[in-house]
Each structure stands twice: as structure tokens, then as C-alpha cells.
Amino acid sequence: INLNTNGSLPKVVSRLADAGLDAIRISMNSARRACFERYYRPDGYGLDDLLQSAREMSGRGRYVCLNWLV
């Protein structure tokens with residue numbers, strides 16, 4: 001099972017991984033905080049949440065793909 005997401009809810013990603021999620025694809029434009037925030041203008045989440053979502057999956061040995069928008 002694969003999930004395409006913005007990765008903004010790491011606690012939900014954790015629960016989904018526990019339920020059997022195999023892979024996650026997180027869309028983002030930059031790993032540089034200023035560029036990320038300028039483009040997405042996140043409300044209630046930030047770059048750290050995306051990174052934590054990726055860690056939740058990789059820490060369980062699951063596949064993580066970053067979908068870079070350029």
C-alpha cells in the first residue's frame with residue numbers, strides 16, 4: 001500500500017505504518033526551510049513534520065520516496 005501525501009501529519013503516518021502502510025511518497029519543493037515555507041505557506045505544519053513522517057516510515061524499514069517539485 002502506497003500513500004501520496006504532503007507528509008504534514010507524522011502521527012497519522014505512524015498509525016498507518018502500524019496498520020500496514022508499505023510506502024510513502026512525500027511531495028515537497030525544497031529541504032531548505034525558507035524556500036519550503038515561501039512556496040507552501042503551511043498552516044499548522046512545517047518542514048519538520050514532513051521529515052518526521054519520513055522518519056516514521058524509514059524507522060520501520062518502509063519505503064520513502066520524495067517527490068521533488070521543480
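1. A polar contact is a pair of N or O atoms within 3.5 Å; within protein, one must be able to donate a hydrogen and the other to accept it, and residues adjacent in sequence count only if both atoms are side-chain atoms. At N29, the side chain reaches the backbone oxygen of C35 at 3.3 Å. N29 is found in the loop between strand 2 and helix 2 (33-40); helices (H or I, at least four residues) and strands (E, at least two) are DSSP runs, numbered from the N terminus.

2. On the basis of the note: this is a predicted model, in which local features need pLDDT of at least 70 and side-chain atom pairs count only at pLDDT 80 or more, while totals for chains, interfaces and linings use all residues. Residues are numbered from 1 along each chain as its sequence is written, and side-chain values use heavy atoms, with hydrogens and water left out.

3. Not counting residues up to four places away in sequence, N29 touches C35, F36, Y39, Y40, W68 and L69, where contact means heavy atoms within 4.5 Å.

4. On the sheet: 3 strands form an open sheet in the order 1-2-3, with parallel pairing (two strands pair if DSSP finds at least two bridges between them). Strand 1 (2-5) and strand 3 (63-68) are the edge strands, each pairing on one side only. From one strand to the next the twist averages 20°; axes are lines fitted to C-alpha atoms, for helices over the stretch in contact, and angles run from 0 to 180 degrees between N-to-C directions. Strand 1 is joined to strand 2 (residues 23-28) by 4 bridges, and L3 stands opposite I24 in strand 2. Helix 3 (residues 47-58) packs on the sheet, where it touches strand 2 and strand 3, and its direction makes about 160° with that of strand 2.

5. On the core: the largest nonpolar core has 12 residues in all, among them V13, I24, I26, F36, L50 and A54. A nonpolar core is a set of buried Ala, Val, Leu, Ile, Met, Phe, Trp, Tyr and Cys residues joined through side-chain atoms within 4.5 Å. Helix 1 (10-18), strand 2 and helix 3 each supply at least two residues of this core, and the largest share, 4 residues, comes from helix 3. A54 touches I26 and V64, not counting residues up to four places away in sequence.

6. On the salt bridges: a search of the whole structure finds 3, a salt bridge being a side-chain nitrogen of Lys or Arg within 4 Å of a carboxyl oxygen of Asp or Glu. In the pair of R60 and D18, the closest N and O atoms are 3.1 Å apart. This pair links distant parts of the chain, with R60 in the loop between helix 3 and strand 3 and D18 in helix 1, 42 residues apart. R60 is partly exposed at 31%, whereas D18 counts as exposed at 57%.

7. On the remaining salt bridges: E56 forms one with R60, the closest N and O atoms being 2.9 Å apart, and E56 is buried, with a relative accessible area of 18%. Salt bridges that share partners join D18, E56 and R60 into one network. R33 forms a salt bridge with D48, with the closest N and O atoms 3.1 Å apart; R33 lies in helix 2 and D48 in helix 3, 15 residues apart.

Technical notes:
Buried < 20%, exposed > 50% of the residue type's maximum accessible area, 1.4 Å probe, protein only.
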